[in-house]
Amino acid sequence: ADQESLVGVFTAHPRGFGFVTVEGEPEDIFIPAPYTGGAFHKDVVKVKISRESHGEGKRREGVVVKVLERGTKTLVGTFMKSRSFGFVRPDDTHYGQDVFISKKDCDAAMNNDKVVVELLNYGTRDKKPEGRIVEIIGNTDDPSTDITAIVRAFGIPDTFSGEVMREARSIPDEVTIPKGENRTDFRNLLTVTIDGEDAKDLDDAITLSRQGDGYELGVHIADVSNYVKEGAPLDKEALERGTSVYLCDRVIPMLPRELSNGICSLNQGEDRLALSCLMKVSPDGQVTEHRIAETVIHVDRRMTYTAVNRILTEPEQYPELMKEYEVLVPMFQRMAELSALLRSCRQKRGAIEFEFPESKIVLDEEGTPVDIYPYESNTATRLIEDFMLLANETVAKEYCTREIPFVYRTHEKPDREKMEGALEFIRGLGIPVSKKGHDITPAEVQKILAGLDGTAKEPLVSRLLLRSMSRAVYSTECIGHFGLAAKYYCHFTSPIRRYPDL
């Protein structure tokens with residue numbers, strides 16, 4: 001039967017066959033090795049279906065009739081030298097063939113160098129693709145080479161154009177409040193940032209005071225959009241990047257360091273422009289009043305999670321810390337109270353607490369990994385998490401109820417089949433689960449996890465449940481957040497490193 005042709009993206013397999021993913025279609029099309037039509041990994045191709053899906057697990061098959069657009073322009077791999085030519089073995093195993101490099105295109109590459117190759121032609125079934133070397137990253141034995149190779153392989157731009165840098169450098173590094181701009185002045189409030197030791201892009205600062213038997217919490221977020229104007233070179237570049245990228249030995253920022261570590265970062269002892277969400281929280285943990293304002297703030301202390309955690313959990317062991325920060329200690333104690341209150345409210349409403357320690361990778365001078373340890377959450381990291389969640393919910397609710405166009409962070413209910421499969425497995429482990437997959441509530445997931453807390457099965461079951469969840473996405477629809485059991489949720493707290501927040 002003459003089938004209409006479909007357009008999709010080709011994923012190659014080193015053994016020669018491949019798959020084509022068509023947007024909006026649930027299932028890939030299998031392309032047997034003889035019918036890949038010279039398609040390369042990531043190419044946009046036109047496919048004809050040669051065989052409809054049939055029976056158990058047999059997917060549709062097709063033939064690539066035309067390559068419409070090449071998806072791979074450059075490759076990262078290891079250079080091998082022979083007398084009169086060289087070739088590059090790609091790092092990414094989707095590329096099954098070595099790339100031939102003629103002598104004139106080898107640049108100064110040495111045997112075993114990690115290189116970036118620009119493809120000159122894509123070869124055929126029996127002829128290798130050809131390319132020329134455009135960058136020599138370094139020798140494969142040199143530890144820092146690996147990370148640079150990853151950066152290149154994912155096409156992450158790690159330099160800024162002259163145009164973007166000129167704009168970044170033209171922004172003054174001192175805060176001036178524009179004439180006629182009505183900024184609320186919060187410079188007199190006791191203000192802190194709490195971050196990891198090595199963080200340099202500080203997005204959020206906190207103020208907190210007691211109000212009668214409740215609290216007034218201020219979450220102050222760097223006002224990045226004051227400096228990054230819509231449509232300007234900085235904005236276009238940030239949109240292109242989407243986020244900052246954190247690697248174990250470096251950060252590739254979304255905005256040049258002049259901004260991300262400078263005027264946009266809430267650095268200690270400096271006046272900074274912020275967008276502030278001020279919330280009155282009642283003794284039962286509810287936000288009774290709030291306001292969102294353009295402000296100017298002044299951070300009194302840049303704190304680390306480690307120091308705050310010690311002050312709150314082991315004060316008697318760290319008298320010198322208690323002395324150094326004695327002005328701030330009462331505020332940290334209030335923070336811990338409020339944080340516990342907010343957390344218990346979230347638990348009551350059924351939010352899911354997944355406890356996965358992040359991994360911290362320690363490198364030596366040369367860049368060789370020497371240790372990997374779990375970066376456990378502690379009282380201090382939880383404070384910040386709780387306050388950010390509250391601010392994000394409060395802001396989302398405001399814009400959703402006022403029906404103002406906005407970017408939300410949404411998390412859908414889990415996929416029915418995936419969840420049912422996970423629950424079957426969990427029942428098989430002898431763990432009681434009352435709900436069926438499609439009725440599952442965050443509270444039920446929380447209950448399963450709570451019942452396993454500290455047992456040997458916990459890591460397995462919590463990972464399994466996490467994998468059965470949907471993924472959280474940015475969206476203009478306010479459909480709420482399943483995992484947090486929140487009706488309204490957005491993410492506005494990281495504008496230096498996430499473009500949607502900006």
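Arginine 497 and aspartate 203 meet side chain to side chain in a salt bridge, 3.2 Å from N to O. A salt bridge here is a side-chain nitrogen of Lys or Arg within 4 Å of a carboxyl oxygen of Asp or Glu. Arginine 497 sits in the segment after β23 (473-475) and aspartate 203 in the loop between β12 (192-195) and β13 (204-211), so this pair ties together parts that are 294 residues apart in sequence. Aspartate 203 is buried, at 3% relative accessibility, while arginine 497 comes out as partly exposed at 28%. Those words have cut-offs: buried is under 20% relative accessible area, exposed is over 50%, and partly exposed lies in between (1.4 Å probe, protein chains only).

A word on what you're looking at: this is a predicted model, where local features need pLDDT of at least 70 and side-chain atom pairs count only at pLDDT 80 or more, while totals for chains, interfaces and linings use all residues. Residues are numbered from 1 along each chain as its sequence is written, and side-chain values use heavy atoms, with hydrogens and water left out.

By the salt-bridge rule, the count comes to 32. Glutamate 385 and arginine 343 form one of them, at 3.8 Å from N to O. That pair links helix α8 (residues 379-401), which holds glutamate 385, to helix α7 (residues 329-349), which holds arginine 343, across 42 residues of sequence. Helices (H or I, at least four residues) and strands (E, at least two) are DSSP runs, numbered from the N terminus.

Glutamate 393 and arginine 349 also meet in a salt bridge, this time at 2.9 Å from N to O. Again the link goes from α8 (glutamate 393) to α7 (arginine 349), with the partners 44 residues apart.

| Residue | Relative accessibility | Class |
|---|---|---|
| Glutamate 385 | 37% | partly exposed |
| Arginine 343 | 12% | buried |
| Glutamate 393 | 17% | buried |
| Arginine 349 | 35% | partly exposed |

There's a network too: salt bridges that share partners join Arg343, Arg346, Glu353, Glu385 and Asp386.

**Where α8 meets α5**

Helix α8 also packs against helix α5 (residues 305-313): their axes come within 7 Å and cross at roughly 105 degrees. Axes are lines fitted to C-alpha atoms, for helices over the stretch in contact, with angles from 0 to 180 degrees between N-to-C directions. The two helices are therefore roughly perpendicular, a label that covers 65 to 115 degrees. On the α5 side, the contact (heavy atoms within 4.5 Å) uses Tyr305, Val308, Asn309, Leu312 and Thr313, and on the α8 side Thr379, Ala380, Thr381, Leu383 and Ile384.

**Threonine 193 and its neighbours**

Back in strand β12 you'll find threonine 193. Threonine 193 is buried, at 0% relative accessibility. Leaving out residues up to four places away in sequence, threonine 193 touches Leu202, Asp204, Ala205, Leu266, Val299, Arg301, Arg302 and Met303.

**Strands around β4**

Strand β4 (residues 44-51) pairs with strand β1 (residues 5-12) in the antiparallel sense, over five bridges. Strands count as paired if DSSP finds at least two bridges between them. Strand β4 also runs antiparallel to strand β5 (residues 61-69), joined by seven bridges. Lysine 48 shows up in both pairings: in β4, lysine 48 is the bridge partner of serine 5, and lysine 48 stands opposite valine 63 in β5.

Key: Angles under 35 degrees count as roughly parallel, over 145 as roughly antiparallel, 65 to 115 as roughly perpendicular and the rest as oblique.
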